[in-house]
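Student: I would like to learn how the words used for a protein model are tied to numbers. Could we go through one together?

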Amino acid sequence: MEFETVIGLEVHVQLATKSKLFSAAATTFGAEPNTQACAIDLGMPGVLPVTNKEAIRMAVKLGLGIDGEINYESVFARKNYFYPDLPKGYQISQYELPIVKGGHLDIYLEDGTKKTIGITRAHLEEDAGKSLHEDFHGMTGIDLNRASTPLVEVVSEPDMRSAEEAVAYLKTLHTLVRHLEISDANMQEGSFRCDANVSVRPRGETKLGTRTEIKNINSFRFVEKAINYEVERQINVLNNGDKITQETRLYDSEKNETRSMRSKEEAEDYRYFPDPDLLPIIIDDLFIDAIRDTLPELPQQKFQRFQQEYKLPAYEANTLANNIELAKYFEDTVRHAKNSAKSIANWMLGELTAHINRDNLETIACPVKPQHLAMLIKRIEDNTISGKIAKTVFEALWNKEGEVDEIIANKGLKQITDNTEIEKIIDTIIKNNPKQVEQFKTGNEKIIGYFIGQVMQTTQGKANPKQVNDILQTKLKD
Amino acid sequence: MTTLSEQDIRKIAHLARLQIPKDELKVHGENLTKILNFVEAINTVDTSDIKPMAHPQNLAQRLREDEVIETNQRELFQKLAPLTEAGLYLVPKVINNTEEE
């Protein structure tokens with residue numbers, strides 16, 4: 001039987017506020033344990049939470065970014081469960097009236113297909129502390145610095161049909177929150193965490209299959225792997241005539257498998273109810289419009305503009321627009337080389353990205369600056385160097401060996417455009433390869449590639465391939 | 001009329017992490033049932049044209065500016081804890097069975 005995969009994602013985005021959601025303690029990452037956990041975060045008797053205005057602002061900003069509806073009235077609710085890193089015995093979250101209702105994100109797949117993914121809701125909630133299970137004489141250590149850090153949980157509709165779509169959605173959301181400057185979205189530090197609801201159903205079936213929830217997957221690559229593993233597991237279970245158990249599963253990246261964590265049937269009964277310590281959050285159009293006015297150009301808008309203004313193809317435009325640093329680098333480079341947008345995009349998505357990934361660098365820290373890349377492309381376009389040699393120059397720029405022209409001069413990389421010089425080289429090669437000349441004359445025209453290769457080798461790539469080809473054609477036909 | 005069974009009581013007690021001796025399940029069931037039925041009286045009021053309130057006071061929440069005011073009072077707080085080490089609160093080892101969402 002052929003199966004269809006159905007995926008919905010829940011993403012926790014940590015908001016980049018200075019202080020906590022309900023207390024005035026700091027949110028700085030990596031502080032000494034429990035030095036940023038105040039009486040409110042610890043759930044001391046008699047304390048009262050007071051909501052951070054900036055967190056509300058950021059949640060509204062996100063709501064506008066996903067084209068969602070902002071609720072004028074939203075309510076904090078208590079989600080009750082026991083765990084040592086949750087000292088109050090409940091997490092303050094939103095249930096019936098979240099701050100953002102509905103919305104959508106457009107995603108673009110690698111083949112250029114566009115798909116709209118619905119967003120059910122986005123609500124504010126506080127984070128819990130951290131449990132450290134390393135050995136403290138058989139006990140667990142609790143660090144409450146993270147307790148009450150503001151999160152927005154973005155819940156998607158079950159609109160994704162493959163791991164690839166899920167990753168594209170996550171990347172789009174990741175870019176969006178960074179563009180909006182509401183989160184650093186650092187996955188390693190847990191500022192952008194993803195749970196995936198995965199189910200399969202026979203193709204053509206409209207009813208959803210039983211789903212499992214894969215928890216806390218902390219990289220784009222693992223999201224893809226975890227979903228693919230889980231889909232295969234579920235299909236195997238169904239093909240064996242068994243049923244899927246609705247449960248939470250944990251992804252183990254070392255073994256590349258998901259493992260059952262707990263069964264949902266009996267476990268969860270959170271007994272949500274409105275938190276009596278917190279009055280409803282009431283906001284008005286004035287508040288919302290003031291935030292709307294501060295919205296930066298969103299990735300979607302950038303994507304459209306890159307296609308129109310720079311005539312970039314969809315894939316290139318999308319990749320650049322969806323990476324805030326790359327987008328800036330691109331436009332900075334275009335400023336130095338106005339008519340070469342397409343080449344700039346190609347170089348950026350080719351060599352530049354490859355080097356950045358290889359050295360695991362941030363775009364901003366990359367040694368080849370926009371003015372360097374612009375100059376390099378200029379030198380290809382004015383025939384000073386060939387495209388192939390340009391890669392050598394790029395490598396030298398990356399190793400900080402100087403400016404473009406300096407490198408070309410010092411390494412003697414200037415393209416040989418002098419006809420007589422190239423002719424001399426070609427004459428020698430023709431003389432030394434009578435067998436290949438014979439083959440050309442008896443109709444094997446493809447052998448020309450061999451000659452071009454020889455010329456390139458002799459000139460170390462400095463000859464202009466088109467020029468070499470022209471001269472070869474004339475000489476070989478003599 | 002709601003009647004809570006012994007099983008309901010066991011579940012509620014488990015959710016509240018309360019230990020209830022077996023011979024007390026019945027009496028707790030009866031008492032809680034009485035309380036529920038007492039509150040049930042509210043359901044006889046016609047509320048069809050009343051907008052639900054999330055809070056008994058019809059007010060909006062005052063919000064706080066995003067400023068760090070709290071200082072580090074770890075030592076003071078940790079004096080209250082039975083066990084601490086390396087700045088952490090120590091608790092009996094827990095296995096993930098009711099972890100956060």
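Tutor: Let us begin with Arg193(A), which has its place in strand β12, residues 192-202 of chain A; helices (H or I, at least four residues) and strands (E, at least two) are DSSP runs, numbered from the N terminus. This is a predicted model, in which local features need pLDDT of at least 70, side-chain atom pairs count only at pLDDT 80 or more, and totals for chains, interfaces and linings use all residues. Residues are numbered from 1 along each chain as its sequence is written, chains are lettered from A and ligands numbered from 1 in the order in which they are written, and side-chain values use heavy atoms, with hydrogens and water left out.

Student: Why does Arg193(A) count as buried?

Tutor: Buried means under 20% relative accessible area, exposed over 50%, and partly exposed in between (1.4 Å probe, protein chains only). The relative accessibility of Arg193(A) is 12%, and therefore this residue counts as buried.

Student: Which residues is Arg193(A) in contact with, leaving aside its neighbours within four places in sequence?

Tutor: Contact means heavy atoms within 4.5 Å, and the residues that meet this for Arg193(A) include His12(A), Asp127(A) and Asn216(A). His12(A) is 181 residues from Arg193(A) in sequence, yet their C-alpha atoms are 5.1 Å apart in space.

Student: What lies 2.9 Å from a polar atom of the side chain of Arg193(A)?

Tutor: That is the backbone oxygen of Gly190(A).

Student: How much of chain A is buried?

Tutor: Of its 478 residues, 54% are buried.

Student: What makes chain B more spread out than a compact globule?

Tutor: Chain B has three helices and two strands, in the order α-α-α-β-β along the sequence. The radius of gyration of chain B is 22 Å, well over the 13 Å that the globule rule gives for 101 residues, so the conclusion is that chain B is more spread out than a compact globule. Along its principal axes, the C-alpha trace of chain B spans about 55 × 45 × 25 Å, and 23% of the residues of chain B count as buried.

Methods. The radius of gyration is taken over C-alpha atoms; the globule rule is 2.2 Å times the number of residues to the power 0.38. A polar contact is a pair of N or O atoms within 3.5 Å; within protein, one must be able to donate a hydrogen and the other to accept it, and residues adjacent in sequence count only if both atoms are side-chain atoms.
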